[in-house]
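This report walks through one protein structure for a reader who is meeting it for the first time. Please keep the sequence and the 3D view at hand while reading.

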Amino acid sequence: MLPEPMLSTPVSSPDLRPGYAGEPKWDGFRGAVSVDAGQVALRSRRGTEMGPAFPEIVTGTVQLPDATAMDGELIVWDAAGRLAFERLQNRLARRSEHAPGMHHRVSAEP
């Protein structure tokens, strides 16, 4: 089970108070990945299963220890070095030979 994601909060000034940290907001999809007992789940912040659209992310988690959860942004750069949000959208639109909500078992063995 993945924890609820923290949402970003707009601020009027980029100045941070002592003890606070900030990060850029990329033009991508927020994704949470978890590994539990050999099962990998990749979901959007709203809970949509994204593993079938991003199999390389699912496969790449094979190196993570069991009971791991990570939160991050899925982004794609184009050949000119710009963010290509439409390429992410296209992958989700074409994603499914798998049923929604399906977990993926991964293995380090060939």
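T68 is buried, with a relative accessible area of 16%, where buried means under 20% relative accessible area, exposed means over 50%, and partly exposed lies in between, as judged with a 1.4 Å probe and protein chains only. T68 is found in strand β3, and, leaving aside residues up to four places away in sequence, T68 touches V33, S34 and V35; a contact here means heavy atoms within 4.5 Å.

The model is a predicted one, in which local features need pLDDT of at least 70 and side-chain atom pairs count only at pLDDT 80 or more, while totals for chains, interfaces and linings use all residues. Residues are numbered from 1 along each chain as its sequence is written, and side-chain values use heavy atoms, with hydrogens and water left out.

## Overall layout

The protein has 2 helices and 4 strands, and read along the sequence these follow the pattern β-β-α-β-α-β. Helices (H or I, at least four residues) and strands (E, at least two) are DSSP runs, numbered from the N terminus.

Of the 110 residues in the protein, 25% are buried. The accessible surface comes to about 8,100 Å², and 55% of this surface belongs to carbon and sulfur atoms; such areas come from the Shrake-Rupley method with a 1.4 Å probe, and for residues only the protein chains shown count as cover. Among contacts between residues at least 6 apart in sequence, 67% join residues at least 24 apart.

## The β1–β2 hairpin

Strands β1 and β2 run antiparallel and are joined by 6 bridges, where two strands pair if DSSP finds at least two bridges between them. The two strands form a hairpin with 2 residues between them, and A37, which lies in the loop between β1 and β2, has a phi near 55 degrees, a positive value in a residue other than glycine. Most residues other than glycine have a negative phi, and most peptide bonds are trans. A67 also has a positive phi, near 65 degrees; A67 lies in the loop between α1 (55–60) and β3, and at 66% relative accessibility A67 counts as exposed.

S44 counts as buried at 18% relative accessibility, and S44 touches R30 and M50 when residues up to four places away in sequence are not counted. S44 and E73 are 29 residues apart in sequence, and their C-alpha atoms are 9.6 Å apart in space.

## The nonpolar core and an aromatic pair

The largest nonpolar core has 14 residues, of which F29, L42, M50, F54, L74, L88 and L92 touch the most other members. The elements that give two or more residues to this core are β1, β2 and α2 (85–93), and β1 gives the most, with 3 residues. A nonpolar core is a set of buried Ala, Val, Leu, Ile, Met, Phe, Trp, Tyr and Cys residues joined through side-chain atoms within 4.5 Å. L92 touches F29, M50, A53 and F54, again not counting residues up to four places away in sequence.

The structure holds 1 aromatic pair. F29 and F85 form this edge-to-face pair, at 5.2 Å centre to centre and with 70 degrees between the planes. The pair links distant parts of the chain, since F29 is in strand β1 and F85 is in helix α2, 56 residues apart. Rings of Phe, Tyr and Trp (its six-membered ring) pair if their centres lie within 6.5 Å, and planes under 30 degrees apart count as stacked, over 60 as edge-to-face and the rest as tilted. F29 counts as buried at 16% relative accessibility.

## Salt bridges

Side chains of opposite charge can pair when their charged atoms come close. A salt bridge is a side-chain nitrogen of Lys or Arg within 4 Å of a carboxyl oxygen of Asp or Glu, and by this rule the count comes to 4 salt bridges. One of them joins the side chains of R30 and D71 at 2.6 Å, N to O. R30 lies in strand β1 (residues 29–36) and D71 in strand β3 (residues 68–74), so this pair ties together parts that are 41 residues apart in sequence. D71 counts as partly exposed, at 45% relative accessibility.

Another salt bridge joins R43 and E49 at 3.9 Å, N to O, and E49 is buried, with a relative accessible area of 6%. The side chains of D78 and R82 also meet in a salt bridge, at 3.2 Å, N to O, and R82 is exposed, with a relative accessible area of 54%.
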